[in-house]
Amino acid sequence: MRIYKVGGAVRDRLLGKPVTDIDWVVVGATTEEMLAKGFRPVGADFPVFLHPKSGEEYALARTERKSGRGYGGFTFHANPEVTLEEDLIRRDLTINAMAEDDQQNLTDPYHGQRDLEARLLRHVSPAFAEDPLRVLRVARFAARYAALGFTVAPETLELMRQLSESGELEALTPERSWKEISRALMEDQPQVFVEVLRACGALKVLMPEVDALFGVPQPPAHHPEIDTGAHTLSVLQQAATHKQPLTVRWACLLHDLGKGLTPEEEWPRHIAHEFKGLKLIKAVNERFKVPRDCQELALLVGEYHTHGHRALELKPSTLLELLQSFDVYRRPQRFEEFIAACEMDARGRKGLESKNYPQADYLRGAATAARSVAVQPLLEKGFKGPELGEAIKRERLKALKAYKETAST
Ligand code: ATP
Ligand code: MG
């Protein structure tokens with residue numbers, strides 16, 4: 001049997017990027033031989049094994065044929081006669097379809113090296129269209145390598161457009177889609193992911209609520225960039241620049257969905273968009289079975305981001321309601337993420353990227369003030385049950401009034 005390094009490890013070494021996980025392909029071997037060498041099978045009917053020591057993935061060279069809708073609809077043929085070239089041709093991009101032996105000899109039948117130099121993400125063969133997940137993968141690679149100057153080859157974008165129009169994207173499972181979406185959001189240029197999906201028509205299928213924001217104007221006084229879609233992309237970009245976690249990035253992407261529902265005659269104003277957007281945010285969350293922490297933050301940021309921006313003008317009672325809604329007493333981290341998302345929203349405006357955001361510290365101070373109310377003295381005064389709750393709220397309100405006064409002097 002012959003063993004080659006394939007995929008990302010080869011690509012990233014040639015790009016001079018750090019290689020994190022290594023995928024291997026094994027030519028000329030049978031399942032029985034792999035098991036005899038101590039490799040552990042990953043799944044039934046799937047010729048992929050884990051190395052007994054390193055835990056890295058070793059796949060038998062295989063060919064694939066599409067046999068139905070979605071990812072389940074694939075038949076694999078792995079046998080010792082399948083060649084390296086035959087295995088490489090089923091891969092998505094030319095830059096991902098190179099192999100290397102232990103002497104670093106490159107096998108590159110589909111000109112991945114040439115495309116690396118040309119900074120092009122190009123599909124290997126028309127079989128690209130057999131797995132709709134590749135649309136998301138290409139958009140993710142575009143986000144990852146945008147800083148190096150990579151773009152999607154026009155003919156690949158065309159295939160992605162055909163896939164998006166074919167209805168195949170709907171056959172993706174929420175789990176597979178979310179895995180790509182969440183990884184793409186964590187790249188350095190996550191806005192490129194959204195741009196590429198939009199350019200090939202996939203955004204309209206996957207997240208029509210986000211797609212609808214493009215072409216929707218906002219008031220130029222607050223939003224010099226005007227377009228809501230452009231604003232959303234900038235907010236996402238700011239979140240990446242500021243190394244925000246996935247929860248914040250997800251909330252940034254969805255925070256203004258309500259603006260897509262504003263009747264044209266109300267443009268460029270968006271009355272109550274925070275509230276109107278909630279059902280859309282919920283729908284996107286559910287579509288991709290998004291993890292709970294991301295779901296929650298997106299909804300809270302959607303509902304309260306304008307409160308965040310107006311923090312210094314809020315009445316103490318409104319400030320208290322905000323803090324109660326976030327349960328800052330038990331969930332301080334979530335409130336920090338809310339503040340971060342608000343700040344990214346403010347910075348995601350043309351020309352205002354480096355403007356101070358004093359609201360952040362003001363909100364932190366308010367949370368500290370409300371949290372400083374001690375329960376023990378109220379218990380000692382004899383408050384119990386609902387009355388205790390009311391007494392705590394009264395004290396917190398007092399604390400916030402005092403805080404607002406000192407903060408404004
Ligand atoms: P990463 O750095 O994100 O791990 P990678 O290129 O190694 O990038 P993997 O998901 O680890 O990506 O897959 C390894 C290789 O398997 C890819 O380089 C590609 O050749 C192939 N591959 C993975 N998923 C697909 C797919 N859906 N369609 C075609 N080829 C794929
Ligand atoms: Mg990999």
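Q: Which residues of α11 are buried?
A: In this predicted model, the buried residues of α11 are Thr228, Gly229, His231, Thr232, Leu233, Val235, Leu236, Gln238, Ala239 and Ala240. Each has a relative accessible area under 20%, the cut-off for that term.

Q: What makes α11 mostly covered?
A: Of the 14 residues in α11, 10 are buried. These buried residues pack against α7 (174-185), α8 (190-199), α12 (246-254) and α17 (332-347).

Q: How do you know that the span of helix α11 agrees with its number of residues?
A: Helix α11 (residues 228-241) has 14 residues, which should span 20 Å at 1.5 Å a residue. Its end C-alpha atoms are 20 Å apart, so the two values agree.

Q: Why is Asp227 said to cap the N-terminal end of α11?
A: A side-chain oxygen of Asp227 lies 2.9 Å from the backbone nitrogen of Gly229.

Q: Why does Lys243 count as exposed?
A: The relative accessibility of Lys243 is 64%. The term applies over 50%, and Lys243 therefore counts as exposed.

Q: Why does Ala272 count as partly exposed?
A: Ala272 has 37% relative accessibility. Buried means under 20% and exposed over 50%, with partly exposed in between, so Ala272 counts as partly exposed. Ala272 lies in the loop between α12 and α13 and has a positive phi of about 60 degrees, although it is not a glycine.

Q: What is the form of the peptide bond from Trp267 to Pro268, cis or trans?
A: The omega of this bond is near 0 degrees, and the bond from Trp267 to Pro268 is cis. Most peptide bonds are trans. Pro268 lies in the loop between α12 and α13 (273-276).

Q: Why is Arg347 called buried?
A: Arg347 has a relative accessible area of 12%. The limit is under 20%, so Arg347 is buried. Arg347 lies in helix α17, a helix in which 13 of 16 residues are buried.

Q: What makes the pairing of Arg347 with Lys355 a polar contact?
A: A polar atom of the Arg347 side chain lies 3.4 Å from the backbone oxygen of Lys355. Polar contacts are pairs of N or O atoms within 3.5 Å, and the distance of 3.4 Å meets that limit. Leaving aside neighbours within four places in sequence, Arg347 is in contact with Gln238, His242, Leu352, Glu353, Ser354 and Lys355.

Q: How do you know that the reach of α17 is close to the expected value?
A: From first C-alpha to last, the 16 residues of α17 reach 23 Å.

Q: Why does Gly351 count as exposed?
A: Gly351 has 64% relative accessibility. Exposed means over 50%, so Gly351 counts as exposed. Gly351 is found in the loop between α17 and α18. Its C-alpha atom is separated by 20 Å from that of Lys243, 108 residues apart along the chain.

Q: Why is α16 called roughly perpendicular to α18?
A: The axes of helix α16 (residues 316-326) and helix α18 (residues 359-371) come within 11 Å and cross at roughly 80 degrees. Angles of 65 to 115 degrees count as roughly perpendicular, and α16 is therefore roughly perpendicular to α18.

Q: Which residues make the contact of α16 with α18?
A: Leu319, Leu322 and Leu323 in α16 meet Tyr362, Leu363, Ala366, Ala367 and Ala370 in α18. The residues of this contact divide into eight nonpolar, no polar and no charged.

Conventions:
Residues numbered from 1 in each chain as written. Chains lettered and ligands numbered in written order. Predicted model: local features only at pLDDT ≥ 70, side-chain atom pairs only at ≥ 80, totals over all residues. Heavy atoms only, no water. Axes fitted to C-alpha atoms, helices over the stretch in contact; angles between N-to-C directions. Helix = DSSP H or I, 4+ residues; strand = E, 2+ residues; numbered from the N terminus. Parallel < 35°, antiparallel > 145°, perpendicular 65-115°, else oblique. Contact = heavy atoms within 4.5 Å. Nonpolar A, V, L, I, M, F, W, Y, C, P; charged D, E, K, R; others polar. Expected span 1.5 Å × (residues − 1). Buried < 20%, exposed > 50% of the residue type's maximum accessible area, 1.4 Å probe, protein only. Polar contact = N/O pair within 3.5 Å; in protein donor to acceptor, adjacent residues only side chain to side chain.
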